[in-house]
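Keep the structure open while reading.

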Amino acid sequence: MEVIKMEDLGCNCAKCLVAEKICRLEKGKGPSSCPTKKEGPTLAEALERYDDPEIKEFARAASVQEGSCYTCRDVKPFVMIPTKSRMEELIEFSQRMGYKRLGMAFCGGLTHEASILSEILEKHGFEVIAVSCKVGGIPKERIGVKDEEKIQIGEFESMCNPIAQAKILNQAGTDFNIMLGLCLGHDSLFLKFVDGLTTVFAVKDRVTGHNPMAALYTSRSYYQRLMKMEFGSPEEMKGQSVSKREE
Ligand code: SF4
């Protein structure tokens, strides 16, 4: 597939300032770079994928789930009143889909949280197959990590093994998978190798209690360094294996 450069595409819905958007309103408008206006063939191709009965049912159930997360939906003028946590949604959606066996790929650093999640899901009748990221106990050296690049220099550290997590869940034939706190990058590998549909319960953020949005919400105040500080060139980042404390 030909890869189109971003500058040629010019698509940036995140910066779209149109008030009555064509993607939200039947008679809405869009800027010249609007993908709803420009990307007809791709949109048609994507839409066809929903004709697969399994995909269609999954998409339908996800949208029904979405709607069910608000109350007073028949009261005008509409005011959004959300009612459900993601935990409740996960249970409801899995029940809605008739899933029995849930896979969980979790970070070893969140074993406590994984055990609570597992217990709650089991209480609601699901069978849970949970695999820690450290599965296999393989030393980090196996993937070329140097001693000075470890979290605790000089110690044995087993590598995160998202490919094994994915393969074990594939082998177990899970109906649906849940990612819990996998590291940035390890989560990407898990998603690349897992067969079944997967949802994210939480992403790893070591500083914000696994709530990366906190950095965005405070990016005009306590996290203004995100816009002001340089993080270094790719070369500098590659050479940066030892923490400041160690220097
Ligand atoms: S699809 Fe078009 S109208 Fe909708 S947000 Fe993107 S650019 Fe704006």
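**Ligand shell**

Cys13, Cys16, Val18, Lys21, Ile22, Cys23, Gly30, Pro31, Cys34, Pro35 and Thr36 are the residues around the ligand. By class, this shell has eight nonpolar, two polar and one charged residue. The model is a predicted one.

**Domains**

- Two domains divide the chain: domain 1 covers 35–83, and domain 2 covers 85–204.
- Their C-alpha centres are 27 Å apart.
- The two domains do touch: four residues of domain 1 are in contact with six residues of domain 2.
- On the domain 1 side of that contact, three residues are nonpolar and one is polar. No charged residue takes part on that side.

**The sheet**

- The sheet is open and has four strands. Their order is β2-β1-β3-β4, and the pairing is parallel.
- β2 (127–132) and β4 (198–203) are the edge strands. Each of these two pairs on one side only.
- From one strand to the next, the twist averages 20 degrees.
- β1 spans residues 101–106 and pairs with β2 in the parallel sense. Six bridges link β1 and β2.

- Helix α6, residues 111–123, lies across β1, β2, β3 and β4. Against β2, α6 runs at about 170 degrees.

**The α7–α8 pair**

- Helix α7 covers residues 162–172, and helix α8 covers residues 186–193. Their axes come within 8 Å. The crossing angle is roughly 30 degrees.
- The crossing of α7 and α8 is right-handed.
- Which residues make the contact? From α7 come Pro162, Ile163, Gln165, Ala166 and Lys167. From α8 come His186, Leu189, Phe190 and Phe193.
- By class, the contact of α7 with α8 has six nonpolar, two polar and one charged residue.

**To take away**

- The ligand shell includes Cys13, Cys16, Cys23 and Cys34.
- Helices α7 and α8 meet in a right-handed crossing.

Definitions and conventions
Residues numbered from 1 in each chain as written. Predicted model: local features only at pLDDT ≥ 70, side-chain atom pairs only at ≥ 80, totals over all residues. Near = placed C-beta within 6 Å. Nonpolar A, V, L, I, M, F, W, Y, C, P; charged D, E, K, R; others polar. Pairing = 2+ DSSP bridges. Axes fitted to C-alpha atoms, helices over the stretch in contact; angles between N-to-C directions. Contact = placed C-beta atoms within 7 Å. Left-handed = near helix turned anticlockwise from the far one by under 90°. Domains from an automatic or database assignment.
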